[in-house]
Amino acid sequence: MQAALDASSLKPFTRAISCLARYGDELTICAYPDYFSLSATNSAKSAYCRFKYEKEFFSRYRVGKPRRKGEVDEGDLEEIQMVKAQLLAKNLLSVLKHRTVEKAVERCELSIVEGSDSDAESDEETDSLESKLVIRFLCKHGVVKTHRLVLSTPTTLMAPGVPDTPNQARVNIGPTALRNMLEHFPMNKGAKADPQLIWSFDNENVSLKTCESSMDKGKGQISTELTISAEEFDAYDIYTSPIIIAFHLREFNATIAYADSMTLSLDMRFTDTLTPLFIDVEGDCTQGLFVIATSQPPGVPIPTSQSSYRPMSSNKKREREETPVDINRPKRTMKIVQKVEIDAADKNISQSRHASRVPWSMPPPSLPGPSSLRLPPASVHQLSQRHIPLKRKEEPLFLPSSQLSAAENKVLKEAGFGDIETLEDLNALLEGEGEEVEFPPSQVQNPPSSKQNQGRNDPAVERNSESTDFVDDMDFGPTQATQRGFHPLFND
Amino acid sequence: MPTEQPPVLTASVHDLRYVAAILRGVNFHNRATVTVTKQGLTVKVEEARTITAAAWIFADIFDEFIYNPETPTDDDFMRTTQDQEIESSSFEMPLNTVLDCLNIFGTAASSTGTGVGKKGWKKQNQDSDRESGDEEAGGNRVEPLNPNASEKHTGMRLTYMSPGYPLTLLIAEDVVGPTTTCEISTYEPEPYLDFGFDPEKVVLRIILKSSWFRDALSELDPSYDKLTFISNPPEMSDNPMTGKSRRRNPTKPILRIKAGGNFGSTEMDYPNDRDVLESFECMQSVSFSYRFSHIAKSLRAVQSSTKTSLRIDNDGLLSLQFMMPPPKGKENNAESSAFIDFQCLALDDEII
């Protein structure tokens, strides 16, 4: 892969890399014949960031081996070539962000040298087994600086499931307006701090509220609420109202910072409380896609229109009283990305390339286990069948660490729960402390009422493996199940 | 009787920042040997028997510089040097402590705000403190409390009585401000490691603006372990005056600085252009490697200097000389410019 950037497009490129670096440590590079993409996922897999640069963004762009002089150009007839690689974002950033780069670089050439085609670098040292990203800065006065960064081969691609629902809400707002809204919420700057805000989108107003999580208790945190008119938004299209979503700000702030530096507006898409937030930031030849997992805001009454998705909402209050571990801590409800085997992804790309907006990021349909796609009603039944065998498996559906943000996880550790490594551990812990037994079995059996995958990290689904006892009760409404489930354990 | 003797050295300066900046340039090892002659002071530092640095501070940088050679006695410990042509006295001092003392009012940090390029240097110095995070936590990171403090000058008077006596520093923040007296223990000097750099054996001689060298060093990732200077004699077709050179064979760069480590490598090629290399003499193809952590120790010195002279002899011994800007008020007197000399042994290629 070779690409060249001139000084003016190098700056936006660097900004994108800084944004990616705030999302995750590992940067995945994918070079397709007609576009170049960079993506990163945070360690909790609850936020995903991808930049796509069209071919035209670069002054020169070509995927494949460098063309030799006199070589007939037959590359176009070959199968679709694609280069994938992974490297540490901070290494690339430290190269690109150095202050001398901005001052003196006139042109920047990026190329990926694969380990095998060693003859391309024959005059270099013999160490050509590793693939390398070569960044060549052509500076003033003819100074040439060449950085070679070692690349690793990604074994899995992370890709978010993209919802395709008609009832998606879509709002558009500029970064400055967002920043003005957010600056009213005090952020402590520490590495641990990862504040959450609850956003509720109404027909006329948008209100933002600090989300008190268990971590902040006892700190005397100020609870702030801000309401602004929907007119502040450049576009405001809410399907059902109100929509309440809560998400962490760390990655969101990175997105705002990028949009701000590029003076681009943010196009936010969301469906309901439990589906992730999608943000598009589009510029010339550039597409930024940001996906941030939403979490379940504590104590927020769920509107009736959505309560069918949330059969366990009625027990929120009780949990809070009963569980010192504070299970109802707002959780990142789901991993928003899934591992996709490389081969599968390749196939998927070639097949569904033009199918939808971001087709390659769809997990292959053959993936076992819950899919994060929201399925159209027609396929719901089918999905429920797939779901049932799942609960017989004894293996953990998730690890606790996957549902907590990194910061919260750390706190758990410090609180002495650091040894929670497996589902068994967690269950053992929960058992002793009056867990929320109100798991309604109906959720398993009643597909429309459960968002299978979204609920993956819900306590309800945690209990899947144990809850087969309740299968008989499946016809009970959620309330009944709750009552029945709770009493025996309260006696402890 | 020593008490009746005048002190071996008395020196005073009205603005200590210049001296502090020079001392900071060699502050990578705590124990420094100071040699006093009539011409001035040399402060020498050595580490790992591989790298040495010497700062030359000439007498006319000081407002007052009085050197009284020690009276020869029979006592061996007095380390008199009467048999040498130039009389000198030397002692060892903890350099870090001295720098901490100079910065006791937090006013030594703004360093060489004296000569060229005053603007922006302060920031760069701060950067370097973070980048080249030495194992010695230098106290010179203290920022001035008052940004205008640099308008006032912190003066210093340095007194060294004779061997066995402490080094006395009298530091006054202002004429009317507070004063401090520091007494710092001195030690008997250890024999100084001399690599014996022989200008006759030089195979590569380059003079370039320090900013080029500084950018090159600071752009290299701190995790790199090896740095190589590669240089080739210029081809006849190259015309250094116009800077236009034939497209060179990439295997024969004029000057290439190359560094590498676990995460990758970096190469920087410099053309034989008068804007870049002020002078370039290369007798034969040169490629010598050094430990990057050693070369990086010169970063602080290169940051406060104006010009860098890079020489390598045929054994790979590297000599880097950094010319410091002349102190304020003495710009016309180039003689008084201090300089810092680094020497570093090359890695043995066969061992690597």
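In chain A, one helix pairing brings together Pro12(A), Arg15(A), Ala16(A), Cys19(A), Arg22(A) and Tyr23(A) of α1(A) with Glu251(A), Asn253(A), Ala254(A), Thr255(A), Ala257(A), Tyr258(A), Ser261(A) and Met262(A) of α5(A). Sorted by class, the residues of this contact are eight nonpolar, three polar and three charged. The model is a predicted one. Helix α5 of chain A covers residues 250–262, and its axis comes within 9 Å of the axis of α1(A), with a crossing angle of roughly 175°. Angles over 145 degrees count as roughly antiparallel, and α1(A) and α5(A) are therefore roughly antiparallel to each other.

Helix α1 of chain A, residues 7–23, also packs against helix α2 of chain A, residues 89–96; their axes come within 9 Å and cross at roughly 150°. The pair α1(A) and α2(A) is therefore roughly antiparallel. The crossing of α1(A) past α2(A) is left-handed. On the α1(A) side the contact is made by Leu10(A), Phe13(A), Thr14(A), Ile17(A), Ser18(A) and Ala21(A), and on the α2(A) side by Ala89(A), Leu92(A), Leu93(A) and Leu96(A). The contact of α1(A) with α2(A) holds eight nonpolar residues, two polar and no charged.

Chain B has a helix pairing of its own. Helix α1 of chain B spans residues 17–25 and helix α2 of chain B spans residues 95–102; the two axes come within 10 Å and cross at roughly 150°. That angle makes α1(B) roughly antiparallel to α2(B). Here α1(B) passes α2(B) in a left-handed crossing. From α1(B), the residues Ala20(B), Leu23(B) and Arg24(B) meet Leu95(B), Val98(B), Leu99(B) and Leu102(B) of α2(B). Six of the residues in this contact of α1(B) with α2(B) are nonpolar, none is polar and one is charged.

The remaining subject is the interface between the chains. In chain B, 23 residues are in contact with 22 residues of chain A. Between them, chain B and chain A bury about 1,900 Å², and 44% of that area lies on carbon and sulfur atoms. Of the area that chain B buries against chain A, 30% is supplied by Glu219(B), Phe263(B) and Glu267(B), more than by any other three residues. Three salt bridges are counted between chain B and chain A. What is the partner of Glu267(B) in a salt bridge? Glu267(B) forms a salt bridge with Arg148(A), and their closest N and O atoms are 3.2 Å apart.

Technical notes:
Residues are numbered from 1 along each chain as its sequence is written. Chains are lettered from A and ligands numbered from 1 in the order in which they are written. This is a predicted model: local features need pLDDT of at least 70, side-chain atom pairs count only at pLDDT 80 or more; totals for chains, interfaces and linings use all residues. Side-chain values use heavy atoms; hydrogens and water are left out. Axes are lines fitted to C-alpha atoms, for helices over the stretch in contact, and angles run from 0 to 180 degrees between N-to-C directions. Helices (H or I, at least four residues) and strands (E, at least two) are DSSP runs, numbered from the N terminus. Angles under 35 degrees count as roughly parallel, over 145 as roughly antiparallel, 65 to 115 as roughly perpendicular and the rest as oblique. A crossing is left-handed if the near helix is turned anticlockwise from the far one by less than a right angle, and right-handed if clockwise. Contact means heavy atoms within 4.5 Å. Ala, Val, Leu, Ile, Met, Phe, Trp, Tyr, Cys and Pro count as nonpolar, Asp, Glu, Lys and Arg as charged, and the others, Gly among them, as polar. Buried area is the accessible area (1.4 Å probe) that two parts lose on being put together, summed over both. A salt bridge is a side-chain nitrogen of Lys or Arg within 4 Å of a carboxyl oxygen of Asp or Glu.
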